[in-house]
Amino acid sequence: MLHVILLDCALELVPSEISSFKEVQMQAGRKGKKPNEILLDQTHHGRAMTKLDHADRRGRPDIVFHSLVTLLETPLCKEGLLRVYMHLQNGRVVEVSPEVRLPRNYDRFVGLMEQLLTTGHVPVEGQPLVQVSKMSLPGLLSKLKDGQSNAMTILATEGGEKTGIQGLRDLLPNDSAVPVIVGIGAFPHGDISDEMKQMFDCQLELDREVMMAWHVCAEVLWIYSERIEVIRRRYSST
Ligand SMILES: C[S@@+](CC[C@H](N)C(=O)[O-])C[C@H]1O[C@@H](n2cnc3c(N)ncnc32)[C@H](O)[C@@H]1O
């Protein structure tokens, strides 16, 4: 099973420090919501965000959107061999059901995330498909490893051990029963903290230049799918 954890997601509601800014109030008004019910977004709140700490890491829900769209509803996901989690910058972990069909439209995705962060789960009624859990990141990693000594935790990061496609393929187990947990940063700038790096057994650098989070998601997803032969089993051999 491949578990992808989107780390330090740049996904949050507008914080109170900037809720009185005109651009925030106007956007909230257009949506018929309160300022603290809309997502922080650099595109709309760039000026106000200069007042925030660590502003360059925050307010990029599009990174999460592209990463989730890249991962979900893929052959691996349809085989039940992929789980996705979002680790937020406030430390909370969001569990994403492999059954979820995300809106294809970005504005509708934003609405869904606003509902998630306001109520803690979506849909509001019935079985939650995306929900904020009480787990911490260390708690999640320990749960996913499930006490299996051969479970792997891999952090994709610039500055990690340089690894080509074949190297990544060889590193991954071909037995889908072995949990493979991959952490990928879902924020625009800055580094993954040393504390977080230490939670993973190994750190890998793929391209020699910085990659978009969703490109890393795609590379890991497809190499793992090939490694455990989901591709061979599902694709026509002609
Ligand atoms: C846009 S980067 C975030 C920026 C930040 N400078 C960093 O390296 O963490 C998004 C994420 O993609 C992954 N990533 C980016 N470039 C990578 C590379 N060359 N090799 C492996 N992972 C990479 C990392 O997990 C990174 O946190």
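Start by selecting Asp62 and Arg60: their side chains meet in a salt bridge, 2.8 Å from N to O. (A salt bridge here is a side-chain nitrogen of Lys or Arg within 4 Å of a carboxyl oxygen of Asp or Glu.) Asp62 is buried at 17% relative accessible area, while Arg60 is partly exposed at 22%. For these labels, buried means under 20% relative accessible area, exposed over 50%, and partly exposed in between, with a 1.4 Å probe and protein chains only.

Before you click on, bear in mind that this is a predicted model, in which local features need pLDDT of at least 70, side-chain atom pairs count only at pLDDT 80 or more, and totals for chains, interfaces and linings use all residues. Residues are numbered from 1 along each chain as its sequence is written, and side-chain values use heavy atoms, leaving out hydrogens and water.

**Next stop: helix H3**

Select residues 61–71, which make up helix H3; 8 of its 11 residues are buried. (Helices, H or I with at least four residues, and strands, E with at least two, are DSSP runs numbered from the N terminus.) Asp62 is one of the buried ones, along with Pro61, Ile63, Val64, Phe65, Ser67, Leu68 and Leu71. Show what surrounds them: they pack against strand S1 (2–9), helix H4 (75–78), strand S2 (82–88), H5 and helix H9 (213–227). Just after H3, look at Glu73, which takes a positive phi of about 65°.

**Colour by domain**

Now give domain 1 (2–11 + 58–236) and domain 2 (16–56) separate colours; the bounds come from an automatic or database domain assignment. Their centres, taken over C-alpha atoms, are 27 Å apart. Where they meet, 14 residues of domain 1 are in contact with 14 of domain 2, contact meaning heavy atoms within 4.5 Å.

Together the two domains bury about 1100 Å², 51% of it on carbon and sulfur atoms.

**Zoom in on Glu114 and Lys31**

There are 2 salt bridges between the domains. Select Glu114 and Lys31 to see a salt bridge with its closest N and O atoms 2.7 Å apart. Helix H5 (residues 106–119) gives the largest share of the domain 1 side, 7 residues. The pair links distant parts of the chain, with Lys31 in helix H1 and Glu114 in helix H5, 83 residues apart.

**Along H1 to Glu23**

Stay on helix H1 (residues 22–31) and select Glu23, which counts as buried at 17% relative accessibility. A polar atom of the Glu23 side chain lies 3.3 Å from the backbone nitrogen of Ala48. Beyond neighbours within four places in sequence, Glu23 touches His44, His45, Gly46, Arg47 and Ala48.

**Last stop: Glu95 and Lys143**

A search of the whole structure finds 14 salt bridges; finish with the one between Glu95 and Lys143, at 3.5 Å from N to O. Glu95 lies in strand S3 (residues 93–96) and Lys143 in helix H6 (residues 137–145), so the pair ties together parts 48 residues apart in sequence. Glu95 is partly exposed at 22%, and Lys143 is partly exposed at 46%.

Definitions and conventions. Buried area is the accessible area (1.4 Å probe) that two parts lose on being put together, summed over both. A polar contact is a pair of N or O atoms within 3.5 Å; within protein, one must be able to donate a hydrogen and the other to accept it, and residues adjacent in sequence count only if both atoms are side-chain atoms.
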